[in-house]
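Here are some notes for a colleague who is about to go through this structure. They follow a few residues, one point at a time.

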Amino acid sequence: ENQNGLYGNHFRFVLEALPDLTYFAQSITVPSVTVPTVSRGTPFTAIKEVGDHLEYGSFIVNYLIDGTFKAYSSLYWWIKGYGFPHSYEEVKVFRETRAARIPLARPIVKDLEKTNAVLHILQPDTEKIIAEIQYMDVFPMALGELEFATTDVDAPILKAAVTFACTAFELVL
């Protein structure tokens with residue numbers, strides 16, 4: 001019945017572990033979903049069968065750098081906390097800091113390193129949610145580069161990208 005197209009600029013992205021990113025998110029890609037095939041051997045040829053596990057790709061969020069550098073630095077410390085600490089003490093501090101922000105009484109390591117996110121797809125010119133994509137077990141896997149330059153005539157607002165991995169996502173209508 002409805003023949004209207006969906007506008008790609010009516011959305012709100014909310015990352016539980018970093019709500020400040022919501023106000024600066026400029027674009028987000030919805031990850032790919034694939035079903036790998038399974039080969040069934042026969043004496044003559046391998047026959048492709050439907051796989052039984054979904055694989056979810058990574059997704060990218062492009063965002064503006066806020067005036068206090070909070071979103072970028074929070075993403076940096078998140079990745080550094082689990083990605084390449086210099087000592088066991090850094091791992092301990094990272095986990096203690098994250099645990100203090102999580103309402104669970106005894107969070108497990110997965111809860112400290114991962115979070116959930118939701119992409120609200122909004123009706124044009126309103127805050128009415130027409131659908132949402134709920135991402136599970138989200139964590140940053142790549143933090144894009146920043147470019148500072150004195151050659152620009154106007155002072156542009158810095159932009160960056162972060163690539164997230166997720167275990168799965170659900171579409172809620």
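1. A patch, as used here, joins residues with over 30% relative accessible area and no salt bridge, like charges being linked within 9 Å and nonpolar side chains (Val, Leu, Ile, Met, Phe, Trp, Tyr) within 5 Å. A salt bridge is a side-chain nitrogen of Lys or Arg within 4 Å of a carboxyl oxygen of Asp or Glu. Asp and Glu count as negative, Lys and Arg as positive, while His and the chain ends are not counted, and a charge is placed at NZ of Lys, CZ of Arg, CG of Asp or CD of Glu. Accessible areas come from the Shrake-Rupley method with a 1.4 Å probe, where for residues only the protein chains shown count as cover.

2. Please keep in mind that this is a predicted model, in which local features need pLDDT of at least 70 and side-chain atom pairs count only at pLDDT 80 or more, whereas totals for chains, interfaces and linings use all residues. Residues are numbered from 1 along each chain as its sequence is written, and side-chain values use heavy atoms, with hydrogens and water left out.

3. Glu-145, Glu-147, Asp-152 and Asp-154 together form a negative surface patch. Of these, Glu-145 lies in the loop between β9 (129-143) and β10 (159-165), helices (H or I, at least four residues) and strands (E, at least two) being DSSP runs numbered from the N terminus. Glu-145 is exposed because its relative accessibility is 70%, the classes being buried under 20%, exposed over 50% and partly exposed in between (1.4 Å probe, protein chains only).

4. Within strand β10 sits Thr-163, which counts as buried because its relative accessible area is 17%. Beyond its neighbours within four places in sequence, Thr-163 has contacts (heavy atoms within 4.5 Å) with residues including Ser-58, Ile-60, Phe-139 and Met-141.

5. Two backbone angles deserve a look, since most residues other than glycine have a negative phi. Phe-69, in the loop between β7 (59-64) and α1 (70-83), has a positive phi near 65 degrees and is partly exposed at 32% relative accessibility. Asp-137, placed in strand β9, has a positive phi of about 55 degrees and is buried, with a relative accessible area of 17%.

6. Which residue lies 5.4 Å from His-120, C-alpha to C-alpha, although 109 residues apart in sequence? That residue is Phe-11. His-120 belongs to strand β8 (residues 115-122) and is buried at 12% relative accessibility; not counting residues up to four places away in sequence, His-120 touches Phe-11, and among the others are His-10, Arg-12 and Ile-129.
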